[in-house]
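Biologist: Please take one part of this protein and look at it closely. I would like to know what it packs against and where it sits in the whole.

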Amino acid sequence: MKGNIARTIAAVAAGSLLAVASAGAATASTDGGKGSSNTQALAAQVLQMRDGLTKVAYAGDVAKTRADLDKLSPVLGDIAAGKRYQIQTETQKLGDLAQGRSVESSRLLADPTAKARQLPPLPVPIPSLPDLPGPLKIVSDLVKALLTAVTGILAGLLGGLPVPPLPVPPVPLPTP
């Protein structure tokens, strides 16, 4: 009888310890905001998408830029919704603004004769990035603002860790 009670107490204690440990891992938060254990995975995904978009956009590849925008937009929508990932409210708002720029850029690349819509300003300073080359000139400002917003989202997701810089190639010298 004593053996059964001891085993029951040990099982309950082990179950409680496991529940507390897994709850702690599932709700590991960053300082000053809410976060989850999958925030690092999201940050890695967003960083990879940002860098891929930067490379194809500055290479002047319209088709790949549009494809990358189409892949990035749903991720930004998930960030903005705040349901799939538990992140800071400021990062959610920036995700919403970035998604708007992604959708608008993709729309303009699909129909270059379309008129661009006026979008609200970003709450982050936009660094001076070089303009996109020729075929992407129509969406240059939108994509530059999008890249800046995504970098701001990464800063929120990484919670104080340094954000890798944009892989922007050197600006080509004008030919005489």
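Modeller: What follows is a close look at one helix, α4, and its surroundings.

Start with the whole chain. This is a predicted model. The protein has five helices and zero strands. Along the sequence, the pattern reads α-α-α-α-α. There are 176 residues, and 35% of them are buried. Now consider contacts between residues at least 6 apart in sequence. Of these, 64% join residues at least 24 apart.

Now the helix itself. Helix α4 covers residues 89–110.

Take α3 first. It covers residues 62–81. The axes of α3 and α4 come within 8 Å and cross at roughly 155°. An angle over 145 degrees counts as roughly antiparallel, so α3 and α4 are roughly antiparallel to each other. Their crossing is left-handed. Which residues meet there? On the α3 side they include Val62, Leu69, Leu76, Ile79 and Ala80. On the α4 side they include Thr91, Gln92, Gly95, Ser102 and Leu109. By class, this contact has 10 nonpolar, 10 polar and three charged residues.

Next comes α5, residues 140–158. Its axis and that of α4 come within 9 Å, again crossing at roughly 155°. The cut-off of 145 is passed here too, so α4 and α5 are roughly antiparallel. The crossing is left-handed. From α4, the residues in this contact include Thr91, Gly95, Ala98, Ser105 and Leu108. From α5, they include Leu142, Leu146, Ala149, Ile153 and Leu157. The classes here are 10 nonpolar, six polar and two charged.

Is Gly95 buried or exposed? Its relative accessibility is 0%, so Gly95 counts as buried. Beyond residues up to four places away in sequence, Gly95 touches Leu76, Ile79, Ala80 and Ile153. Gly95 and Leu146 are 51 residues apart in sequence, yet their C-alpha atoms are 9.7 Å apart in space.

Follow one of those partners, Ile79. With residues up to four places away left out, Ile79 touches Leu42, Val46, Ile87, Thr91, Gln92, Gly95 and Ile153. Ile79 also belongs to the largest nonpolar core, which has 36 residues. Which residues have the most contacts inside that core? They are Val46, Leu76, Ile79 and Leu146. Helices α2, α3, α4 and α5 each supply at least two core residues. The largest share, 10 residues, comes from α5. There is a wider background to this. In soluble globular proteins, nonpolar side chains tend to be buried together.

Helix α2 covers residues 39–58. How does it lie against α5? The axes of α2 and α5 come within 10 Å and cross at roughly 160°. The two helices are therefore roughly antiparallel to each other. This crossing is left-handed. Residues in the contact include Leu42, Val46 and Leu53 from α2, along with Leu146, Val150 and Leu154 from α5. The contact has 14 nonpolar, three polar and two charged residues. Gln45 lies in α2. It is partly exposed, with a relative accessible area of 31%. Leaving out residues up to four places away, Gln45 touches Val75 and Tyr85.

Finally, look past the end of α4. Val139 sits in the loop between α4 and α5. Its relative accessible area is 0%, so Val139 is buried. Apart from neighbours within four places in sequence, Val139 is in contact with Ser105, Leu108, Leu109 and Leu132. Val139 and Ser106 are 33 residues apart in sequence and 8.7 Å apart in space, C-alpha to C-alpha.

Definitions and conventions
Residues numbered from 1 in each chain as written. Predicted model: local features only at pLDDT ≥ 70, side-chain atom pairs only at ≥ 80, totals over all residues. Heavy atoms only, no water. Axes fitted to C-alpha atoms, helices over the stretch in contact; angles between N-to-C directions. Helix = DSSP H or I, 4+ residues; strand = E, 2+ residues; numbered from the N terminus. Parallel < 35°, antiparallel > 145°, perpendicular 65-115°, else oblique. Left-handed = near helix turned anticlockwise from the far one by under 90°. Contact = heavy atoms within 4.5 Å. Nonpolar A, V, L, I, M, F, W, Y, C, P; charged D, E, K, R; others polar. Core = buried A, V, L, I, M, F, W, Y, C linked by side-chain atoms within 4.5 Å. Buried < 20%, exposed > 50% of the residue type's maximum accessible area, 1.4 Å probe, protein only.
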